[in-house]
Amino acid sequence: MQALTNRIKPVSRKPMSIWERMYLPAIFKGMTITFSHMFKKVPTIRYPEKTRPFSPVFRGLQILNRDEEGRENCTACGLCAVACPAEAITMEAAERKPGEEHLYREEKYAAKYEINMLRCIFCGLCEEACPKDAVYLSETFAPANYQRKGFIYGKENLLIPHPKEDPEGFAKARGSRAAHPEGHGNEH
Amino acid sequence: MHLNHIFLLIDWALFIEKLVLIIVVVMGSLLVAMYSTYAERKVAAFMQDRVGPNRAGPFGILQPVADGVKLFFKEEIVPNFSSKFLFILGPCLAMLTAMMIGAVIPWGDKIHLFGRDISLQIADVNIGILYVFGIVSLGVYGIMIGGWASNNKFSLLGAMRAASQIVSYELAMGISLIALLMITGTLSLNEMVVQQKDHWWNIFKQPLGFLIFLICAFAETNRTPFDLPEAENELIGGYHAEYSSMKLGFYLFSEYINMFLSGAVMATLYFGGYDIPFVNDANLVHNIGVNWLAILEGTVFFIKICCFIFLFMWVRWTVPRFRYDQLMNLGWKILLPLALFNMLVTGALILLKQNHWHF
């Protein structure tokens, strides 16, 4: 039969020599190999204490953004929900009342904003669709929960910490975006 | 005779001294077995470029405790179709026979406490090594009974494998030992150590015998490459497939205790037991006293045993399992003739030496 590739290696069927049949030399050889591995540096990253650096285009859980004064960016235009191929996003709009200017940046805001994290495929299309830089994918990942309903993230889970009240949390949630204000670079 | 008289006849100091020694040895073997599981996982990890258990306590040193607690809290399952009595007897027997070997091993020389010379050997039986062999061959019953009582094909297969394997390798082991006994002329383990203190270690006199003994020890303790009785990917755990909770713990523990004690036996037989190499004991006694010397000797002995335990693990994580026919071939066609050859050559050399090297 003709070989399909030139990578075939014929198996040696010749009987073992006395030296090979003694097994012990081969075992000692193997043992030196395993012993030498005891002193090798382990590539393990001790996970909860240390994490691997993410690539700049990493797409984790969504975050609802605020501007520098802590006002919510989202205007509940629904473009993200339309763009979402997994149909994971739902929202309800509401009108800003007088006196709420410090809470919402524009006249309309999302009273309810939910993302089903079990449906979400983390494609980042919501982030691309958003005209207000209101939703983006953070570097947080691997959420855990005991119930399915815990994976439906509401505004209380999604909103970024207040930049004035909790600047550290804000900076952490921004992640590498703080260094690259234009975003992750996937809009280019 | 009154009962009082019987109590008076008992040497109470000896009784207490032996009792303390027994408790220390039993607890010690359990502790070593516990930490052997930890060491095994760590050694395996290092050899495979991993980290190993490191969550429970610093460097994971509480891992064996966590494992033990977990085993205790597991549900005790006794299969419906098993023979209940034998099912429980199996692990007990395995544990018992593993523990009993520790009784004749000289853990050190004498210590001097409360005006008494206390020997660090529980029982200096003058047929010590025969006793060890007797117990080792009893050890197969623990596995056999457990596998049989489980009433499970895989368990029974594992048990049958264990039985035939241990029986086959005991032969070669015994014959390689006979060559050693011809040299030492004694069956007492303590006497062997005393001989090795003054002269060469037996490993230099019996290298081939030691090699055979070592391979057989691997087979007797069911360690890889001879772990066919519990070959987990063929027999789903072999003889302990049906066991859970601490009964499984007993089986696993007895394996590690066996490993520890077979290391102790090999160190005693071939590596001078508690003898400290390159050191003149008489000078040392003069300098540091009997008790410190005994402690030092015990430590050296323990280090030797640890080397053996490491060897067991090292081989386990290097060599894959034998096929069953290969195992039997090795035992009957290679090790047994080799052991016989070794015995004959040793005998011939002893005769020659007695004849002052004249034919």
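Predicted model: local features only at pLDDT ≥ 70, side-chain atom pairs only at ≥ 80, totals over all residues.

Analyst: Lys110(B) stands opposite Ser119(B), a residue of strand β2(B).

Now let's step back to the nonpolar cores. The largest one has 86 residues, and those touching the most other members include Phe213(B), Ile257(B) and Met266(B). Helix α11 of chain B, residues 245–270, gives the most to this core, with 15 residues. Take Ile257(B) as an example: leaving aside residues up to four places away in sequence, Ile257(B) touches Ser29(B), Ala33(B), Ala98(B) and Met99(B). There is also a second, separate core of 24 residues, with Leu64(A) and Tyr104(A) among them.

How do the two chains meet? On chain A, 11 residues are in contact with 10 residues of chain B. The chain A side of this contact divides into 6 nonpolar, 4 polar and 1 charged.

Finally, a look at chain A itself, which has 6 helices and 5 strands. Chain A is more spread out than a compact globule, because its radius of gyration is 27 Å, well over the 16 Å that the globule rule gives for 188 residues. Along the principal axes, the C-alpha atoms of chain A fill a box of roughly 95 × 45 × 35 Å. Buried residues make up 21% of the 188 residues in this chain.

Note on methods. Residues numbered from 1 in each chain as written. Chains lettered and ligands numbered in written order. Core = buried A, V, L, I, M, F, W, Y, C linked by C-beta atoms within 7 Å. Buried ≥ 20, exposed ≤ 12 C-beta atoms within 10 Å, placed from the backbone. Helix = DSSP H or I, 4+ residues; strand = E, 2+ residues; numbered from the N terminus. Contact = placed C-beta atoms within 7 Å. Pairing = 2+ DSSP bridges. Nonpolar A, V, L, I, M, F, W, Y, C, P; charged D, E, K, R; others polar. Rg over C-alpha atoms; globule rule 2.2 N^0.38 Å.
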